[in-house]
Amino acid sequence: MLNGFISWGDLSAAFDIVDHDLLMLRPERQFGIHGVALQWFRSYLLGRSYRVIYGGSMSAMVYVVCSVPQGSVLGPRLFIMYTADLSEVVKKRCKHSRIREQHTIVLYRHCLRTETVATVERLERCLLDVSHWMSANRITLNPDKTKLLWSGSTYSQSLLGSSCLSLQLDSDTIIASDNVRVLGVTFSCDLSLD
C-alpha cells in the first residue's frame, strides 16, 4: 500500500489578496448569514484605510480594497469562509486535509502499488481543479512550494523503485521528494521516525 501526498504552502499572501466582493458573496450563499449579521461583516471589511506617520510626516491615505485583517480573531475565519468551497473541489478527486491557519494545504490519496499511474492521473486532475479554483478566486498556486511524497513501507517503496512518478501541473513538473515537512513535522517516504 502506498500514499500519495501533495503539500503546498505559503498561502500567507492569500490573506492579502482576498477579494472583498468575492468574500462578501460567501456568508450569504454558503453559510446563510443575512440581514444585520451580513451588514456587520460588510462594515468590518469595506471602507478600510490607513496612513503612516513617520518623523512628523503623514503619508497619503491608502484605501484597502482587498485582504482580510491579520492579527484579528476574524481574519482567519474570514479566510476560511473565502476558501470553504475549495474542499468541495478537492473531494471530487482526493481524500484530503486542509490546514488553513498555517497557510498550508495537504492532499493525500491511498493506493496499491499497481494503481500508482491512475493515482498520479487523479492527483494531477485534482491539482488542476485546485489551480483553476485558486485562479478564479485570485489566489496563486505556487509550484515551487508544492511537494509530492510517495509513502509506504520500505518493501512497497522498493517495489515502486524507479517508477516513482512525478506530477505535471501545466508546464511544471513536481518530482517526488524523500520527505515533506508540514507544520514542523517531517514525513518520510518510508514512514520511519528517524
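**Close-up views of a predicted protein model**

View 1. Threonine 119 is buried, its relative accessible area being 5% (buried means under 20% relative accessible area, exposed over 50% and partly exposed in between, with a 1.4 Å probe and protein chains only). This is a predicted model, in which local features need pLDDT of at least 70 and side-chain atom pairs count only at pLDDT 80 or more, while totals for chains, interfaces and linings use all residues. Residues are numbered from 1 along each chain as its sequence is written, and side-chain values use heavy atoms, with hydrogens and water left out. Threonine 119 belongs to helix H6 (helices, H or I of at least four residues, and strands, E of at least two, are DSSP runs numbered from the N terminus). Apart from neighbours within four places in sequence, threonine 119 is in contact with Arg109, Cys111 and Trp150, contact being heavy atoms within 4.5 Å.

**View 2. The largest nonpolar core.** This core has 37 residues, and Leu23 and Leu78 have the most contacts inside it. A nonpolar core is a set of buried Ala, Val, Leu, Ile, Met, Phe, Trp, Tyr and Cys residues joined through side-chain atoms within 4.5 Å. Helix H6 (residues 116-136) gives the most to this core, with 7 residues. Beyond its neighbours within four places in sequence, leucine 23 is in contact with Val18, Leu45, Val68, Leu78, Met81 and Tyr82. A second, separate core has 5 residues, including Val106, Leu149, Val180 and Val182.

View 3. Strand S12 (residues 179-182) has a covered face of Val180 and Val182, while Asn179 and Arg181 form the uncovered one. Strand S13 (residues 185-188) runs antiparallel to S12 and is joined to it by 4 bridges; two strands pair if DSSP finds at least two bridges between them. Threonine 186 in S13 is the bridge partner of arginine 181. The hairpin has 2 residues between the strands, and leucine 183 takes a positive phi near 50 degrees.

**View 4. A nonpolar surface patch.** Tyr50, Val52, Tyr54 and Val62 make a nonpolar surface patch of about 450 Å². Nonpolar patches are made of Val, Leu, Ile, Met, Phe, Trp or Tyr residues with over 30% relative accessible area and no salt bridge, their side chains joined within 5 Å; a salt bridge is a side-chain nitrogen of Lys or Arg within 4 Å of a carboxyl oxygen of Asp or Glu. Accessible areas come from the Shrake-Rupley method with a 1.4 Å probe. Tyrosine 50 lies in strand S2 (residues 49-50) and counts as partly exposed because its relative accessibility is 46%.

Definitions and conventions. Patches are made of residues with over 30% relative accessible area and no salt bridge: like charges are joined within 9 Å, nonpolar side chains (Val, Leu, Ile, Met, Phe, Trp, Tyr) within 5 Å.
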